[in-house]
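Welcome, and take a moment to look over the model before reading on. We will walk through it together, one region at a time.

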Amino acid sequence: MNISRRRILVLLPAAAVAWKYVLAGTPEESPNYKMSDHWWSMLIDIPKCIGCGNCVRACQTENDVPDGNFRTWVERYHISDWQMTNPLGGMTNPMSDPQVISPDGGKEGFPVATDESGKYFFVPKLCNHCADSPCTQVCPVGATFVSPDGVVLVDQTYCLGCAYCVQACPYGCRYIHPVKKVADKCTLCYHRITKGLTTACCEACPTGARQLADLKNPKDPIHEFLKTHSVQVLKPQMATGAKVFYNDLDGSVR
Amino acid sequence: MNVFKDAGHLFRFAGLFVLAFLVFLVVRHFVVPKSFGQYGHYRGNAIGEIAAHPVKFAGHETCEACHADVAETKNKGKHAHVNCEACHGAQNKHASADDPSTVKPVLPDTTVLCARCHTASAAKPKGFPQVVPADHSNGLPCDTCHKPHSPAMDAGGAK
C-alpha cells in the first residue's frame, strides 16, 4: 500500500480517535465526526471585507453553483449622507437611504468607487443557518431540515421543487436549481466541515473577514469575540435564531 | 335481544376499513424511506449524502504538508493570513493525485490577481493597502517587483 506523507497527516488524527473505540471493543461506533458535538455558525467581520469576491468564486467552484445563482454573495453599501446626518460619526441616521449594489453577486469584485463622501462597506451574505428556520418549517415533504449540528440542509432527492422555502426565507438565500429543479442553498460546506476543513468561502477569504465558528466548542475564539464586540444578526426582529454573526453591522443593512 | 342483529353491514364496513388501513401500512412501509424520522421529520441518510460531496479546496494545512518552505516564507510576510488557495484556486485535484506533479496548478497572472484585492477604491477599508494599478506599475505585472508570498519590498521581497 502506498501512502503519501500528506495522507498520513490526514489519517493519523482520525486513527487516534478511532483507536479509543477499538480498545473499548466497539469499533463500529468510532467516529471521525460526531454531530452532537457541534453547533455551526459563521462570523463575518464587516470592517475586514474588501469586496474582492473571492468567497463567491470559491463557493461556486466548490459547490458547482450555476451561473446567476448564489449560495453566497457580497453587497456594497454606500450611505452618501452619512457625514451630513451625523457630523460626530456615531450612528447612521435610521432614515438614510443606502445605495446597495451587487454586480453578479460581487463575483468579479466591484467597480471602483470614486465618490469619497459618505460611508462605504461590504456585506457578505449567505444562509444564516437559523436555529428556528422559517424555510424548514414550510416544507410540505420534509426535504429541508436543520441538521443535529445546526446546519440547514436540503435533501435534493426528496425535494419536490415547490419553491415554498424560497419564498419563506427572509434573507433570500435559497433558489431553485435551474437544472435539477429542486431547492438549493448554502450547506455551510457540510462536506468540508464534517471532515475538519473550513468552508470554501472562509478558506478563500484573504482578509479573514469570514470565519467558521463552532458554538459548541468551548475553545472556539468566537466566544471571546461575541463578548468583546458589537455583534448582530440580520433581521433579529424575525426571531429566526440566525447564526451568521456580523461584527460592526450598520443599522441600514436589511 | 341481540344487539348485533341487522348489524352485518356495519361489520362489512369495519372490515373494509381495517383492510384499507393495512393496505395503507404496507404501502407506507415501501414508500417512506428507511431513514425517515431518524433525527427528525426528514430522511436521516440525506445528511451523509450531502457530506459525501467531493471537496475541491484542499485546505492550507494540506498544502503546507508538502510546501512547508513556501508556507514559511509566507508566514513571515504581509500575506501570512492569506490562505494558499485564496490566490492559487481550488487545488484538491493536485493534492489528492497519486503523483501531485502530474496535475500541475496554473500559475495565477499577478496583473489580474493582485488587482482584485489591491485596486484603489473609496469603498475599501482605509487601512487596506491599495494602489491605482495603471499609475503604480504602468501595466507591468506585479511580480516584476513584489514576490507574492512576501510582498513587502523592504523585507527582501523585491528581486
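Which residues touch the most other members of the largest nonpolar core? They are L153(A), C201(A) and A204(A), in a core of 74 residues. A nonpolar core here is a set of buried Ala, Val, Leu, Ile, Met, Phe, Trp, Tyr and Cys residues joined through C-beta atoms within 7 Å. A residue is called buried if 20 or more other C-beta atoms lie within 10 Å of its own, exposed if 12 or fewer, and partly exposed in between, with C-beta atoms placed from the backbone. Strand β4 (residues 119–126) of chain A gives the largest share of this core, 5 residues. Helices (H or I, at least four residues) and strands (E, at least two) are DSSP runs, numbered from the N terminus.

Before going further, a word on how to read all this: the model is predicted, so local features need pLDDT of at least 70 and side-chain atom pairs count only at pLDDT 80 or more, while totals for chains, interfaces and linings use all residues. Residues are numbered from 1 along each chain as its sequence is written, and chains are lettered from A and ligands numbered from 1 in the order in which they are written.

Stay with A204(A) for a moment. Setting aside its neighbours within four places in sequence, A204(A) is in contact with N54(A), C55(A) and A58(A), and also with F57(B), N83(B), E85(B) and A86(B). Two residues are in contact if their C-beta atoms, placed from the backbone, lie within 7 Å.

That brings us to the place where the chains meet. The contact takes 41 residues from chain A and 34 residues from chain B. On the chain B side, α2 (45–51), α3 (60–66), α5 (84–88) and α7 (110–118) each supply at least two residues, and α2(B) gives the most, with 4 residues. By class, this side of chain B has 20 nonpolar, 9 polar and 5 charged residues. Here Ala, Val, Leu, Ile, Met, Phe, Trp, Tyr, Cys and Pro count as nonpolar, Asp, Glu, Lys and Arg as charged, and the others, Gly among them, as polar.

Chain B is divided into domain 1 (8–51), domain 2 (56–105) and domain 3 (108–159), with bounds that come from an automatic or database domain assignment. The C-alpha centres of domain 1 and domain 2 of chain B lie 50 Å apart. Helix α1 (residues 8–31) of chain B has 24 residues, and the count of buried residues among them is 0. One residue of this helix is R12(B), which is exposed, with 10 other C-beta atoms within 10 Å. R12(B) and L107(B) are 95 residues apart in sequence and 80 Å apart in space, C-alpha to C-alpha.

Back in chain A, 4 strands form an open sheet with mixed pairing, in the order β9-β1-β11-β10. Two strands pair if DSSP finds at least two bridges between them. Strands β1 (residues 40–45) and β11 (residues 244–247) of chain A pair in the parallel sense over 4 bridges, and I44(A) has Y246(A) in β11(A) as its bridge partner.

Our last stop is the loop between β10 and β11 of chain A, where A239(A) is found. A239(A) has a positive phi of about 50° although it is not a glycine, and A239(A) is exposed, with 11 other C-beta atoms within 10 Å.
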